[in-house]
Each structure stands twice: as structure tokens, then as C-alpha cells.
Amino acid sequence: MSNQKRVVVMGGAGFLGSHLCERLVGEGHEVVAVDNFITGSESNVEHLSGTPLFSLVEADVSAGLPVEGPVDAVLHFASPASPVDYLEFPIETLKVGSLGTMNGLELARANDARFVMASTSEVYGDPQIHPQHEDYWGYVNPVGPRSVYDEAKRFSEALVTGFRTTYGTDTGIVRIFNTFGPRMRPNDGRAIPNFVRQSLRGEPITLAGDGSQTRSICYVDDLVDGILALTWSSHSGPMNIGNPHEISMLDLAQWIVKLVGSTSETVHIERPVDDPTVRRPDITLAQRELGWSPQVSAEEGLRRTIEWFRTHPDVTR
Ligand SMILES: NC(=O)c1ccc[n+]([C@@H]2O[C@H](COP(=O)([O-])OP(=O)(O)OC[C@H]3O[C@@H](n4cnc5c(N)ncnc54)[C@H](O)[C@@H]3O)[C@@H](O)[C@H]2O)c1
């Protein structure tokens with residue numbers, strides 16, 4: 001196949017990485033996933049192991065990227081991503097956002113390949129403007145508990161930009177807003193898997209603060225569409241990819257309880273330090289440059305996700 005590409009997916013055994021690998025292989029590309037399983041799992045990609053288009057390399061990308069042969073694109077999706085995970089692995093998170101990014105960039109540079117880095121809406125911190133567009137510089141506490149993640153991503157963006165301006169490396173930065181779907185870990189601390197797991201078990205729904213804080217939730221298939229559109233473009237970003245469907249955590253919890261058909265009550269727990277009050281992407285840039293916008297409604301995405309958790313009751317880290 002003449003358009004076949006060879007793509008390295010750093011963090012390919014994680015939630016988003018595994019969906020990217022699946023889509024790329026499905027489209028006939030060759031994929032090398034590199035992962036150390038710190039928050040991901042081989043089981044996320046075991047359904048791909050039968051195809052010669054897919055290989056999985058166990059390695060810490062902060063220490064190096066042991067990938068031989070030509071490469072067309074390097075997608076950097078390796079990093080602990082949920083607050084529970086990055087607070088458990090703070091130094092690893094800082095290393096993968098710095099050394100891991102450097103190693104990925106060097107691999108791309110050596111191969112004249114495109115490099116796309118998974119950044120995050122967290123670079124906007126607790127935003128003072130709403131919705132957030134790419135020109136906004138953010139409002140981040142550099143020494144707060146979340147800083148190990150937020151600042152790792154901000155440094156990573158700076159490093160990617162440095163390679164682009166210094167070496168002419170073909171780079172893209174995608175700022176991902178809250179994404180959900182199958183293969184999230186039920187206890188990774190993120191709101192949707194948490195609420196779904198608790199609803200399915202009939203346990204109390206733990207809601208941080210009064211639940212008035214908002215997030216905008218994107219179904220994973222839409223996110224993958226946007227990321228691959230950016231990958232095959234030459235746009236440098238940073239580019240927001242997310243679904244502007246904004247919802248308060250209280251409304252989200254009640255919606256999930258209803259969709260599950262659960263009897264779970266809501267209990268309030270302390271809100272984490274520096275927890276953002278609002279989040280909503282301005283996706284004008286992605287719509288204009290990539291012709292991309294989300295297609296799956298939040299309700300349809302939630303139904304698919306609930307169904308997956310229902311049929312995978314034993315998923316653990
Ligand atoms: N899911 C979201 O809503 C979201 C939002 C914004 C940004 N992101 C970014 O997208 C990327 C993927 O997030 P996710 O939700 O799939 O998280 P995840 O934890 O499911 O996946 C991350 C993967 O990276 C691997 N990894 C971490 N450090 C590594 C290292 N040093 N070497 C090799 N592999 C390593 C993990 O084992 C895991 O498989 C992350 O960079 C995250 O910051 C995700």
C-alpha cells in the first residue's frame with residue numbers, strides 16, 4: 001500500500017495510545033508501540049498482537065527509544081495522565097515530559113519524521129478566560145500539587161517548539177481536553193470512570209466540592225479523528241482538540257447514575273487543591289484548519305462507555 005506509514009506510538013498501551021494504535025493498524029499503517037506499563041497495560045493492545053502490522057516494545061521512553069528502521073511519524077502519548085497517577089509518579093511524570101519528549105524529538109529528527117506531542121488543557125491551569133483558545137497563556141501554579149504534570153507539559157511544548165525553530169523538525173502540539181471511553185481504568189481517579197464504576201456497583205458517588213466545577217467531555221473516537229487529522233497535516237499547533245459540550249460535575253454524576261439505572265446517592269468530598277473551576281475548548285482552529293469537529297454526542301459516548309465497563313467488570317491497572 002503506497003500510503004502506508006510507519007508510526008511510533010509512545011505510550012501505546014495506555015488509554016489514548018491504544019485507541020490510536022488500533023485506528024492506525026485498522027487503516028493499514030505499521031505501528032510500533034513503546035510503553036513501560038507504568039499506568040498502561042499490555043491487555044489494552046493484546047487484540048492487535050496477531051497482526052504483523054503491530055509490535056509492542058517494552059521500554060521507558062525517558063531513558064531512550066529503542067526503535068530501529070525508518071519512521072514516518074512519532075506520536076508522544078506517554079505520561080501518567082490522571083491526577084491520581086501523576087501524584088503517585090511525580091518525578092516519572094516530569095521526566096517523561098522532558099527527557100521522554102527529547103528522545104521522541106530526536107527520533108523524529110533523525111528520520112525526518114513528523115512528531116506530535118499530546119499536550120493538555122491543563123496548560124491553561126485554572127483559566128481566567130472562558131472558553132479557552134490557543135492564544136491564552138494559562139493560569140498555572142508552578143509549585144502546586146498539579147504542577148508536576150502541568151509544568152511538564154508546558155516544558156514539553158517549549159521543547160517541541162525549540163526543535164521546530166532550531167532544527168526545522170516537523171512538529172505538532174495537540175492540547176487535549178477531557179476525553180473518555182472504553183479502556184479507561186475504573187480507579188484512575190478521573191470523573192467518568194469513577195462515576196460509572198460507583199454507579200454500576202451501587203456505591204456512593206464521590207463528588208469533589210459542591211460539583212459546580214465544569215469540564216467538557218469528548219468521546220475517544222472523536223479525539224482520535226482529530227489527532228490523526230493533525231498528524232497528517234503540517235500544522236504546528238498548539239491546537240485544541242476536545243468537545244465543547246460543557247457540564248458540571250454534579251450534572252454529569254446524576255446523568256451517569258440515570259443512564260446506568262443505579263440507586264447510588266451522591267456524597268461530597270474535599271475538592272483537590274488548584275482544581276480548575278471551568279474548562280471548555282474553543283475549537284475554531286481545528287474546525288478551520290482540519291475540518292474537524294466532534295461527531296459523537298456526550299450521551300452516545302457515555303452509553304458506549306458504560307456498556308464497556310459493564311462487560312469488563314474485572315478491569316484493573
Ligand atoms: N485522557 C485524557 O483526557 C487526556 C487529556 C489531556 C492530555 N492527555 C495526554 O494524553 C496522553 C495519554 O493519556 P492517557 O489518558 O491515555 O493516559 P494513560 O495513563 O492511559 O496512558 C499513558 C501511557 O503512557 C505510558 N507511559 C508513561 N510513562 C512512560 C514512560 N516513561 N515510558 C514508556 N511509557 C510510558 C503508560 O504506561 C501508559 O500506557 C498523556 O500524555 C496525557 O497527558 C490525555
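1. **Basis.** This is a predicted model, in which local features need pLDDT of at least 70, side-chain atom pairs count only at pLDDT 80 or more, and totals for chains, interfaces and linings use all residues. Residues are numbered from 1 along each chain as its sequence is written, and side-chain values use heavy atoms, with hydrogens and water left out.

2. **Ligand shell.** The ligand is surrounded by 30 residues. A residue counts as near when one of its heavy atoms lies within 4 Å of the molecule. L16, D35, T39, Y149 and K153 are the closest. By type, the shell holds 15 nonpolar, 11 polar and four charged residues. Here Ala, Val, Leu, Ile, Met, Phe, Trp, Tyr, Cys and Pro count as nonpolar, Asp, Glu, Lys and Arg as charged, and the others, Gly among them, as polar.

3. A polar contact is a pair of N or O atoms within 3.5 Å. A polar side-chain atom of N36 is 3.1 Å from a ligand nitrogen atom. Backbone atoms take part too: a polar one of I38 lies 3.0 Å from an oxygen atom of the ligand. For S79, a polar backbone atom is 3.5 Å from a ligand oxygen atom.

4. **Ligand burial.** Alone, the ligand exposes 820 Å², and the protein buries 96% of that. These accessible areas come from the Shrake-Rupley method with a 1.4 Å probe. Which elements give two or more residues to the shell? They are α1 (15-26), β5 (114-120) and α4 (147-167). The largest share, three residues, comes from β5. Helices (H or I, at least four residues) and strands (E, at least two) are DSSP runs, numbered from the N terminus.

5. **F115.** This residue lies in strand β5. Is F115 buried or exposed? F115 counts as buried because its relative accessibility is 0%; buried means under 20% relative accessible area, exposed over 50%, and partly exposed in between (1.4 Å probe, protein chains only). Leaving out residues up to four places away in sequence, F115 touches V74, H76, T101, G104, L105, A108, V160, D170, T171 and G172. Contact here means heavy atoms within 4.5 Å. F115 and F163 are 48 residues apart in sequence, yet their C-alpha atoms are 10 Å apart in space.

6. **Cis peptides.** Check two bonds. H130 and P131 are joined by a cis peptide bond, with omega about -5°. P131 sits in the loop between β5 and α4. The bond from G237 to P238 is also cis, with omega near 0°. P238 is in the loop between α6 (220-231) and β11 (239-241).

7. **Positive phi.** F37 is not a glycine, but its phi is positive, near 65°. F37 lies in the loop between β2 (30-35) and β3 (54-58). D274, also not a glycine, has a positive phi of about 65°. Its loop runs between β13 (266-269) and α8 (284-290). D274 is partly exposed, because its relative accessible area is 33%.

8. **Helix α1.** The helix has 12 residues, so at 1.5 Å a residue it should span 16 Å; its end C-alpha atoms are 17 Å apart, which agrees. The expected span is 1.5 Å times one less than the number of residues. α1 is mostly covered, with nine of its 12 residues buried. Among them are L16, G17, H19 and L24. G28 follows α1, with a positive phi near 90°.

Conventions: A polar contact is a pair of N or O atoms within 3.5 Å; within protein, one must be able to donate a hydrogen and the other to accept it, and residues adjacent in sequence count only if both atoms are side-chain atoms.
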